[in-house]
Amino acid sequence: MKDFFDLIRMRQSCRSFSEKPVEKEKIVRCVEAARLAPSACNSQPWGFVVVNGGKLRESAAQSAQGAGANHWAENCPAFVAVVERSGLAGEPVDQKWGKFNLGLAAMQFCLAATEQGLSTCMIGAFDEEKAKKAMRLSPEERLCLLIAVGYAADGDPLRKKDRRSLRDVLRFAE
Ligand SMILES: Cc1cc2nc3c(=O)[nH]c(=O)nc-3n(C[C@H](O)[C@H](O)[C@H](O)COP(=O)(O)O)c2cc1C
C-alpha cells in the first residue's frame, strides 16, 4: 500500500508503453476500485469493457488515435472503454452528473492501476465510431472515455506536475 500522496504524484499520463502484457487480475482490481466510486444518488451509471491484448488490440489502438492524435497508443497492450449507462434503479442518463460520476470512477481505476505498478492514460480524443466497433460496444452504448493501460517503457521518467499553484486555486471564504 503506497502513501496516498505518493500514489497521486506517481499517477501520470503514460504515452510510452512497453510491450509487456498486462495481467488480467490487475485490470479486474482496477475495475473493482472504479466500481466502489461514489456517484450521485448511488446511481453507478458505468460499465467497463476491456480489450487486453488479443485480436482486438490493434483496432482498439487505432481507434484511440482520433483526428491524428495519440500515435503513442499504437504499442499499448490494453484499452478500457468507460461506458455511460442508465442508473442502477433505471434512472435515465443524468445530463448534469453523468460524466462527473464516470470521471470519479475513471480516476479510481487509474489510481488502482498506479498502485499495482501499471501506467495509464485517459483518452478523450478517440474516434468514436471506430472505438465502439473495436471494443465491441452496441450502437446504444455511450462511450465516454478510453483508458490506455500497460507498463511504462523503460526510461519513462516521473514528471513534475504542471499545475496551477495552491495559491491560485484555494481561497478560504470569510
Ligand atoms: C478526460 C481526459 C481526456 C484526456 N485525453 C487525452 C488524450 O486524448 N490524449 C492524451 O495524450 N492525453 C489525454 N489526457 C491526459 C491529460 O493530457 C493529462 O491528464 C494532463 O495533461 C495532466 O497530466 P498527467 O495526467 O500526466 O498528470 C486526458 C485526460 C483527461 C482527464
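Mentor: Helices (H or I, at least four residues) and strands (E, at least two) are DSSP runs, numbered from the N terminus. We are looking at a predicted model, where local features need pLDDT of at least 70, side-chain atom pairs count only at pLDDT 80 or more, and totals for chains, interfaces and linings use all residues. Residues are numbered from 1 along each chain as its sequence is written, and side-chain values use heavy atoms, with hydrogens and water left out.

Trainee: Which strand gives the most to the shell around the ligand?

Mentor: That is strand β3 (residues 119-123), with three residues. The ligand is surrounded by 15 residues, each with a heavy atom within 4 Å of it. The closest are Ser 13, Arg 15, Asn 70, Arg 159 and Arg 163.

Trainee: Why are α2 and α4 called oblique to each other?

Mentor: The axes (lines fitted to C-alpha atoms over the stretch in contact, with angles from 0 to 180 degrees between N-to-C directions) of helix α2 (residues 24-35) and helix α4 (residues 98-115) cross at roughly 140° and come within 7 Å. Angles under 35 degrees count as roughly parallel, over 145 as roughly antiparallel, 65 to 115 as roughly perpendicular and the rest as oblique. Therefore α2 and α4 are oblique.
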